[in-house]
Amino acid sequence: MISQRITESLKAYQGLPKEIYALSLARFILGLGNFIIPFLALLLTQKQGYSTAAAGTLVMLVTGTYMLGGFLGGKLSDSYGHKQVMVAGELLGAIILLICGFFAEHHWIAPASMCLAYFFIGVALPASNALVADHSQPQNRDAVMSLSYLAYNLGSGVGPVVAGYLFWNHTEWIYWGNGLAVLIGILIVQFQVSSVQQHQNNDDTNQSILEQATDRSVWAVFRERPRLLIFGVLCTLLWFALNQMTLTSPLYFSQLFSADGAVLFGQLMTFASIVVVVTTPFVLRLTRKQSEFNSLALAGTLFALGYLGILLSTAIPFIFAAWFILSVAEVLLLTKEGVYIANHSPSSHRGRISGVLLTIRNIGLMPSYLLIGFSIEQVGYDTSWLIIIGVAGLAAVSFGILHVQQSGNTVPSRAHS
C-alpha cells in the first residue's frame, strides 16, 4: 500500500518537458556544490581574520550585492533572454569563485571576490526562475516547481557535509567546488535547455490569459495586478517564519541544552532535509487541487503550529515532531510561491517581476535579523517565539482572506482563439 502511494505521488513528475529534467539536474548539482553560503560567517572569521561584528557586516554586504544583482537581473533577462542572462551571470560568478580559491584566506581579496561573484549569481536568479516557468504550463506547474525544489534540496543536503570536511585543511576547495558546481550546472543548461521566445503569440491556446505577453512597463503590470505585490509582502512574512528555523532555533536550543544544543540542531537540519525529500511528492499530490493562496495559508498555519510546539515542550521527540511540521510548511512555501508568480506574470515580464518580488523579500528580511536578535535580548525567547507565531498567523489569515476573495471571482485560465 505504501509503495503504491509513493508510485502514485511520483507519477506527477513523469512526462514533463525534457528541459525541466535538465534544469532540475543542474539545480541538483548547484545544491551539491553549495559550499560557501553555509560557511560564510566561519570563512570570514576563521580564515579571513575578521571579528564577529565585521563578519556580520560583510555577510549583509554579500547579501546586499546578491539582492542588487537580482533586481538588475530581472530587467536584463526580459530584455536579452532568460537562458542567455542565466548562463552569462552564473558563468561570470563561477569564474570569480574559481579565481577566489587561489586567495582563500586573503583578508580582502576573498570577501571582495565573494561580493562580486554573488552579484552575478544574483543577476542569474530571476532568469533561472523565469526559465523554469517558460518550460512549464499551468497544468503541470506544481510538478515542475516542486521537482526543481526537490532536486536542489537533494543536492544541498549533501553539499554542506562535504564542505565541512574541506573547511579546515582544504579551504580553497570550498571556492573551487562551489565554482565548479555552478559551471557544470550552466553547461547543462547551455546544451540541454532551449530558449523560449518570451513575447509569445497571444493566440496560443496553451497559454494562460494572465501569462500573455505585453509591451507595458513592469510597474504598469503591477498596477494592473496589485495582488502580485500583496502576495510578495505576505510571502516575506512566511520567509521570516521559515528563517527562524536557522536563526532563532539554534540559539534557543543552545540555551536549553548547552553544548548539546548544537548537536541537536545539526540532527534537526538533517531530519528536515530528509522530510523535505520524502514529503514533497505527497504534499504536491494532496494540494494539487488547492489554490496557491489556500496552500500558503496552510503553510502559515503549520509554521505557527510548529513554533508553538517548540515553545510548549522541550522534550526531544516533541521537538522533532514540531520540526516535521515546519519542514512541510517549507515545502508548501517554496513550491507554491513560484507557481503563483509564474501563473500570474506575463511571459514578457517574468524576469522583472521575479526580480522585484525577490527585492521586496530581501529588503523585508534584512532588518529582521537584527530585530529578532534585539527581541531575544530585550524580552526573551518565550515572547520572541510568540512574535514569530503571530507573524506566521498573520500571513495565514491574510492568505486565507485572499483565497476567499479569489473564490468569489472567476478568472478565465485559458486564452480562446
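**Exercise 1. Work out the handedness and the direction of the crossing of H5 and H9.**

*Step 1.* Let's start with the handedness: H5 and H9 cross in a left-handed way. A crossing is called left-handed if the near helix is turned anticlockwise from the far one by less than a right angle, and right-handed if clockwise.

*Step 2.* Now place the two partners. Helix H5 covers residues 82–100 and helix H9 covers residues 172–192. Helices (H or I, at least four residues) are DSSP runs, numbered from the N terminus, as are strands (E, at least two).

*Step 3.* Next come the numbers: the axes of H5 and H9 come within 8 Å and cross at roughly 155°. Axes are lines fitted to C-alpha atoms, for helices over the stretch in contact, and the angles run from 0 to 180 degrees between N-to-C directions.

*Step 4.* Finally, name the arrangement: H5 and H9 are therefore roughly antiparallel to each other. The cut-offs are under 35 degrees for roughly parallel, over 145 for roughly antiparallel and 65 to 115 for roughly perpendicular, with the rest oblique.

A word on the model before you go on. This is a predicted model, in which local features need pLDDT of at least 70 and side-chain atom pairs count only at pLDDT 80 or more, while totals for chains, interfaces and linings use all residues. Residues are numbered from 1 along each chain as its sequence is written, and side-chain values use heavy atoms, with hydrogens and water left out.

**Exercise 2. Describe how H14 packs with H16 and with H15.**

*Step 1.* Recall what is needed: two packed helices are described by the angle between their axes and the distance between the axes.

*Step 2.* Take H14 (residues 292–312) and H16 (residues 350–407): their axes lie 7 Å apart, at an angle of about 160°. H14 and H16 are therefore roughly antiparallel, and their crossing is left-handed.

*Step 3.* Sort the residues of this contact: H14 with H16 gives 17 nonpolar, seven polar and one charged. Here Ala, Val, Leu, Ile, Met, Phe, Trp, Tyr, Cys and Pro count as nonpolar, Asp, Glu, Lys and Arg as charged, and the others, Gly among them, as polar.

*Step 4.* Turn to H15 (residues 316–343): the axes of H14 and H15 come within 8 Å and cross at roughly 160°. That makes H14 roughly antiparallel to H15. This crossing is left-handed, and the contact of H14 with H15 holds 19 nonpolar, four polar and four charged residues.

*Step 5.* Look at the connection: Ser313 is found in the loop between H14 and H15. With a relative accessible area of 18%, Ser313 is buried (buried means under 20%, exposed over 50%, partly exposed in between, with a 1.4 Å probe and protein chains only).

**Exercise 3. How many aromatic pairs does a search of the whole structure find, and how is the pair of Phe231 and Phe293 arranged?**

*Step 1.* The search finds 18 aromatic pairs. Rings of Phe, Tyr and Trp (its six-membered ring) pair if their centres lie within 6.5 Å; planes under 30 degrees apart count as stacked, over 60 as edge-to-face and the rest as tilted.

*Step 2.* For Phe231 and Phe293, the ring centres are 6.3 Å apart and the planes stand at 45°, so the pair is tilted.

*Step 3.* Phe231 belongs to helix H11 (residues 226–243) and Phe293 to H14, so the pair ties together parts that are 62 residues apart in sequence. Both Phe231 and Phe293 are buried.

*Step 4.* Compare Tyr252 and Phe253: with ring centres 6.0 Å apart and planes at 45°, this pair is tilted. Tyr252 counts as buried at 4% relative accessibility, and Phe253 is buried at 0%.

*Step 5.* Follow the ring pairs onward: they link Tyr252, Phe253, Phe303, Tyr307, Trp323, Tyr381 and Trp385 into a cluster.

**Exercise 4. Which ring does the charged end of Lys47 sit over, and which ring does Arg361 lie over?**

*Step 1.* Know the rule: a charge sits over a ring if NZ of Lys or CZ of Arg is within 6 Å of the ring centre and within 35 degrees of the ring normal.

*Step 2.* The charged end of Lys47 sits over the ring of Phe167, 5.7 Å from its centre.

*Step 3.* Arg361 lies over the face of Trp239, at 4.0 Å from the ring centre.
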